[in-house]
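Here's a quick tour of one protein model, written for someone new to reading structures. Have the sequence and the 3D view open while you go through it.

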Amino acid sequence: MADVKSVSVRIGDIDLVFETGKIAKQANGAVYAHYAGSAVIATVCCGEAPSEPIDYVPVSVEYNEKYYAAGKIPGGFLKRESRPKDKEILVSRLIDRPMRPLFDKAFGREIQIVPTVVSSDMSHTPDIVAINAASCAVTISDIPFYGPIAAVRVAKIGNEYVINPTFQQMPSASLDIVVAGTHDGITMVEGGAKEVSEDDMLGAIAAAQPVIAKICEAQDELRKLCGKEKLPLMEIEERDLSWLEPVKEYAYPLEKEASFVKGKQNRYEALERVHNDVREKFSDLIAEDEKRDGEISAMFEDMEYNILRSSILNDGVRTDGRKVTEIRPITCEVGLLPCTHGSALFTRGETQSLAVTTLGTVQDEQLFDTIDGEKTYSNFMLHYNFPPYSVGEVGRLTTGRREIGHGHLAQRALEAVIPPKDEFPYTIRVVSEIMESNGSSSMASVCGGCLSLMDAGVPIKKPVAGIAMGLITEGADYARYTILSDILGEEDHLGDMDFKVAGTKDGITAFQMDIKIAGVTPEIMKKALAQAKEGRMHILGIMQETLAGPRSEISELAPKILTVKVPEDKIGAVIGTGGKTIKSIATQSGAEINIEDDGTVMIYGRNNASAQEAKRLVLSIIEEPEVGKIYNGTVKRIVDFGAFIEILPGKEGLCHISKLARTRVKNVSDVLSVGQQVDVKLIEIDRMGRLNLSYIDAQPDNGKNEKKEEK
């Protein structure tokens, strides 16, 4: 087809190909991108221009994966792809975050980007193809965009950095991150690691930069071949703002004083009073033009921006009075919820996480059915909840993209220290309920989650803590800059970088960085990582003062999982005819029992007592009778010459009438009855393998009962 245009860029041994002009031609921009056997169709469309300018970018990203891409039919009752899976939401966020700052607010139209995975070879990750395809679709469209951006996945395998590793390579990687950026530098990093050093992280980012630049060049090349003329931005009326000068002169000192009131709510109330006072004082001036109300709101926002940044850069003082490297006061409490398996309350300044750990069995594992490969199960999950009351507001209790993204980051941070399933065969769920929020609630979830895991007795390898860093810059090439430790919500909103690092004392386990400016230097990133490490060590120290390590035993309230190994020739005896024996054990103990072909018996008890009883019953089946041992048996039959008593499942012995008492017994039924449980001693196993028991020799009173009978 004559209108089809394509470009390609070599990444390792594989070409990433961008093609347009064949598919989805009615969209503002559409690109078919493929990398080996993974292919994505990315489209972008925009709505009608609004009548008034808006102060945000109304962009949405809807990444979606089709099961047919991997030759699969969706599992479950519904056979149609339905609501987005967590993975699709997480990839949508990966696409949104580096692209959103590059759209112009003055465009004003709603923008929708839809990358669809239409082919997956289950080897090369389609999310990276989708990020690049989405950027390319916008780049060649008529939508104004200050891109392109590009992304790669970087893994460290051994001592080598591998660009875009396959699914098969990733399990052996010590580091797995997605890096996105522009021609000018890195703008986003996100991923997990197995306690890697700060230098390893910097090395991975450096390895990504030249490849990202090549992919951006390919997108620019396609734009030159077939890019559309960009739509105009909304015309913004040039207005005379000289009327604001006396307002600024009056408001600035009041705004500055209110900006340093201690406490988030107190500070907001102080600022609100200032704003109301200024509006009231200049009400006549504002009333002259209906647009002046919006202009005075913008003035207050600019003031806040300048006051916060200049105070940090010039005086090293933040709005809450801290120094730039100072961590907010931290308190930790564990075991505060009486009926949970593990709980912790982690408070850092005005950010607070109530973290709760629940232990379950293999039946509680989470199933993942995606296009990446075969169905998989996970025995560790972390869920993050951000209710509106955490910021003193009224709203709906929902699970949105933010909750899923923050929970995923915190889960990644802790995954590296969760014990393997064969060592700790429990399903683990951590829930972080954000009780208060003023910056870095995801990192508070890491700290609180770690403490709750240890409180529940989960034998994690090492404690993990997280910290959020910020950046304030000024001047050309960022000649002046300040890195902030443990940022507030205002510092995140008005700063140039949001940089979250979680890890143990020995290395990084999770990493997320969003840069709002282009070309942050390696020097700044290196210093930020070093400062983050200092903060992490400080937080770990406080956490370990509260709880130094995992409790030695899991909670008595938690399910008890025990493992018993039985000889393979005894498996049939444990199961019984038609499963009769194993079902009986489950009924008697209240536990679930699974037995593998190699003789491994997994016992899942509701509590410790239930599991121990099931274990006793299983062991009693495989136990061989031992002469001289006292057993608690059940009377099965009574005959004239004695009683047959079952001392172990399926193993009966005879207690002769002469062994029931030291005096003569006329009738066995005078001493024993069918179904009665009694202690008996195994006194002999004869040549025929028959068991001979004694009732009287097992009694601790040595014949006192007979004396009572004589009386």
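Predicted model: local features only at pLDDT ≥ 70, side-chain atom pairs only at ≥ 80, totals over all residues.

Residues are numbered from 1 along each chain as its sequence is written, and side-chain values use heavy atoms, with hydrogens and water left out. We'll start with two aspartates that UniProt lists under "binding site" in an unreviewed entry, Asp-492 and Asp-498.

**The two listed aspartates**

- A word on the record: UniProt positions are given in the numbering used here, feature names are shortened, and annotations may be inferred rather than shown by experiment.
- Asp-492 sits in helix α10, residues 489-494, while Asp-498 belongs to strand β21, residues 497-504. (Helices, H or I of at least four residues, and strands, E of at least two, are DSSP runs numbered from the N terminus.)
- (Buried means under 20% relative accessible area, exposed over 50%, and partly exposed in between, with a 1.4 Å probe and protein chains only.)
- Leaving out residues up to four places away in sequence, Asp-492 touches Ile-487, Asp-498 and Lys-516. (Contact means heavy atoms within 4.5 Å.)
- The side chains of Asp-498 and Lys-500 are joined by a polar contact of 2.7 Å. (A polar contact is a pair of N or O atoms within 3.5 Å; within protein, one must be able to donate a hydrogen and the other to accept it, and residues adjacent in sequence count only if both atoms are side-chain atoms.)

**Two buried arginines**

- Arg-328 is in the loop between α7 and β12 (330-334), and it counts as buried because its relative accessible area is 4%.
- A polar atom of the Arg-328 side chain lies 3.4 Å from the backbone oxygen of Gly-439.
- Beyond four places in sequence, Arg-328 touches residues including Arg-348, Glu-350, Asp-486 and Ile-487.
- Arg-153 is part of strand β8, and at 7% relative accessible area it is buried too.
- What do the polar contacts of Arg-153 look like? Its side chain meets that of Thr-125 at 3.0 Å and that of Asp-176 at 3.1 Å.
- Arg-153 and Pro-165 are 12 residues apart along the chain, and their C-alpha atoms are separated by 7.1 Å.

**Helix pairs**

- Two packed helices are described by the angle between their axes and the distance between the axes.
- The axes of α4 (residues 244-258) and α7 (residues 292-315) come within 11 Å and cross at roughly 45 degrees. (Axes are lines fitted to C-alpha atoms, for helices over the stretch in contact, and angles run from 0 to 180 degrees between N-to-C directions.)
- That is why α4 and α7 are oblique to each other. (Angles under 35 degrees count as roughly parallel, over 145 as roughly antiparallel, 65 to 115 as roughly perpendicular and the rest as oblique.)
- Among the residues that meet here are Leu-244, Val-247 and Tyr-252 in α4, and Ile-296, Met-299 and Phe-300 in α7.
- The axes of α1 (residues 86-99) and α8 (residues 401-415) come within 10 Å and cross at roughly 90 degrees, so α1 is roughly perpendicular to α8.

- The peptide bond from Gly-147 to Pro-148 is cis, with omega near 5 degrees, and Pro-148 is in the loop between α2 (126-140) and β8 (150-157).
- Met-122 isn't a glycine, yet it has a positive phi of about 60 degrees.
- Asp-486 isn't a glycine either, and its phi is positive at about 55 degrees; Asp-486 is buried, because its relative accessibility is 0%.

**Annotated stretches**

- UniProt's unreviewed entry puts a "coiled-coil region" at residues 261-288, where the chain is 82% helix and 0% strand.
- The unreviewed entry also places "domain: S1 motif" at residues 628-696, where the chain is 0% helix and 52% strand.
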